[in-house]
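Here's a quick briefing to read with the model open beside you. Take a look at the picture, then work through the topics in any order you like.

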Amino acid sequence: MVAAGAVVRPLLNTATIRWLRHLPSGPAILRRRYRAPRVWWPDRPPVEIPADLRSHAGVRRDEQAAQEAFEDEPLHSFHHNFGVAVVWALAQLWQSLLFVGPRLVRAVEHAKRTGAAPTSAPATRSPDEWTDWVRDRARRIGMSTVGFAPYDERYTFAEHAHEAAGPNVIVCVLEQNWESNRTLPGPVGEQTALSTNAEIIEMASQLAEAIVAAGFEARAHSTEGIAVVHHYGVESGLGQMGVNGQLLTPEAGSRCRLAMVTTRMPLVLGAPRDFGIPRICDECQACVRRCPAGAIPVKRTWHRGIEKSKLNLARCFPVVSQVHGCSVCMKVCPIQRYGLAEVIRHRASTGEILGVGSDELEGYNWPIDGRRYGPGQRPKLEPDFFELEVLPVNRDGSMKSGPAPASVPTPLT
Ligand code: SF4
Ligand code: SF4
């Protein structure tokens, strides 16, 4: 396998990865082990949030600072800033990429083809009725849920500034397979993530096409996308940001993949909600302790007008790219593992966060040395593991000064 990797990796570049779309998908039977469950979340009972967990809806924001950040320095996508590193990382994931890549690249290409002008006038319906119509479509397509938020240009990457198809954003969510997720970090977990990305991008494209057929402009955007999709996840009330830097949904934590549809369809928009997640994170901190790279800060800081946990890219990226997508921070999250309702029930009866300190939640097998690391133990990573020439960042994760890295096209945008 090592020898095969040495041959295959140098062959994988933007062009050859895009070419994978010509290959057939792997047999469906082999995909069953990591196929996304088709469970419509809104059918589940709502979660009651106790008063002592409540703090604020969504994220804490400073609107003036957010506006100034946008005007002074518009956002660029990770793929724009670090295209060379992205393509290099995809080549490291070659075992999964060769198997899932054909579907993933085809899904990205499908999303790019959406956005055609409607050819018929829409039926007369209220925003309430259209919102129900979208929910019903999304459920039938196989998504886990959808959220609705207003488009905000401040969270669009500058290189995609005029690609939104309308003033409304539909956040498309697909839960990731629970069983295969337990194998993280490893090749099956990595295939699960790539495959679920392919599925949700394809589903978002189908939804956008259905909206166009109903008479409204709409366009699907892939997971890497045109904008910070987590912003819309929070603003639509689908979840809150965890200390692990990910959108935590009450149903599955961050064990889900997101894509977006922008549209002119009139919709009833959601609003940020308080699920008690910031306070649970303060008591939990499992991801901070368990991250093998020490990339997750203990405290949130203010960044571009938002209070958030800012991961150290110089620590995280080398692990993600060389250890099967890592995702330990997602795996050890009790909200992902047990669901928010169970975490709240357990805390109410014991005063503790469910699973914290247990091997069941916090233990993981480390593919590099084949050992299991339980609570309190982390694999040792030598300094040279983090020295990647393809990633122009300083040790603290800030971008290196000097000329901006050349933007290279990546196969997933
Ligand atoms: S993906 Fe891995 S290395 Fe990166 S923050 Fe999460 S646990 Fe740490
Ligand atoms: S592991 Fe704990 S601290 Fe980290 S995101 Fe999940 S709940 Fe928050």
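Which residues have the most contacts inside the largest nonpolar core? They're Val134, Ile170, Leu207, Ile211, Val261 and Met265, and the core has 49 residues.

Before going on, a word on the ground rules. This is a predicted model, where local features need pLDDT of at least 70 and side-chain atom pairs count only at pLDDT 80 or more, while totals for chains, interfaces and linings use all residues. Residues are numbered from 1 along each chain as its sequence is written, chains are lettered from A and ligands numbered from 1 in the order in which they are written, and side-chain values use heavy atoms, with hydrogens and water left out.

**The nonpolar core**

- A nonpolar core is a set of buried Ala, Val, Leu, Ile, Met, Phe, Trp, Tyr and Cys residues joined through side-chain atoms within 4.5 Å. Buried means under 20% relative accessible area, exposed means over 50%, and partly exposed is in between (1.4 Å probe, protein chains only).
- In soluble globular proteins, nonpolar side chains tend to be buried together.
- Helices (H or I, at least four residues) and strands (E, at least two) are DSSP runs, numbered from the N terminus.
- H10 supplies the largest share of this core, with 11 residues.

- The shell around ligand 2 is made of Gly242, Val243, Asn244, Leu248, Cys281, Cys284, Gln285, Ala286, Cys287, Cys333 and Pro334. A residue is near a molecule if one of its heavy atoms lies within 4 Å of it.
- Two elements give two or more residues to that shell: helix H12 (277-284) and helix H13 (286-290).
- Sorted by class, the shell has 8 nonpolar, 3 polar and no charged residues. Here Ala, Val, Leu, Ile, Met, Phe, Trp, Tyr, Cys and Pro count as nonpolar, Asp, Glu, Lys and Arg as charged, and the others, Gly among them, as polar.
- Where does ligand 2 sit? The space it takes is the largest cavity. For a molecule to sit in a cavity or pocket, more than half of its atoms must lie within 2 Å of its grid points.
- Cavities and pockets are found on a 1 Å grid over the protein atoms alone: a cavity is a set of points where a 1.4 Å probe fits but cannot get out, a pocket is an open set with protein on both sides within 12 Å along at least five of seven lines, and lining residues have an atom within 4 Å of a point.
- Searching the whole structure turns up 1 cavity of 30 Å³ or more.
- The largest cavity holds about 110 Å³ of space. Grid points are joined across faces, edges and corners, and a volume is the space filled by probe spheres set on the points.
- There are 13 residues lining the largest cavity, and the closest to its centre are Leu248, Cys281, Cys284, Cys287 and Cys333.
- H12 gives the largest share of this lining, 3 residues.

**Ligand 1**

- Ligand 1 has Cys291, Pro292, Ala293, Ile296, Leu311, Cys316, Val319, Val320, Cys326, Ser327, Val328 and Cys329 around it.
- Helix H14 (313-322) and helix H15 (328-331) each give two or more residues to this shell, and H14 gives the most, with 3 residues.
- By class, the count is 11 nonpolar, 1 polar and no charged residues.

**The second largest pocket**

- This pocket has a volume of about 690 Å³.
- It is lined by 32 residues, with Trp41, Pro42, Pro250, Glu251 and Arg273 the closest to its centre.
- S1 (145-150) and helix H17 (340-350) each give two or more residues to the lining.
- The lining has 17 nonpolar, 7 polar and 8 charged residues.

**Backbone details**

- A cis peptide bond links Leu184 and Pro185, with omega about -10°. Pro185 is in the loop between helix H9 (178-181) and H10.
- His324 sits in the loop between H14 and H15, and its phi is near 55°, a positive value in a residue other than glycine.
- Is His324 buried or exposed? His324 counts as buried because its relative accessibility is 18%.
- Cys326 is also in the loop between H14 and H15, and its phi, near 50°, is positive in a residue other than glycine. At 7% relative accessibility, Cys326 counts as buried.
- Val320, in helix H14, has 29% relative accessibility, so it counts as partly exposed.
- Val320 and Pro185 are 135 residues apart along the chain, and their C-alpha atoms are separated by 9.2 Å.
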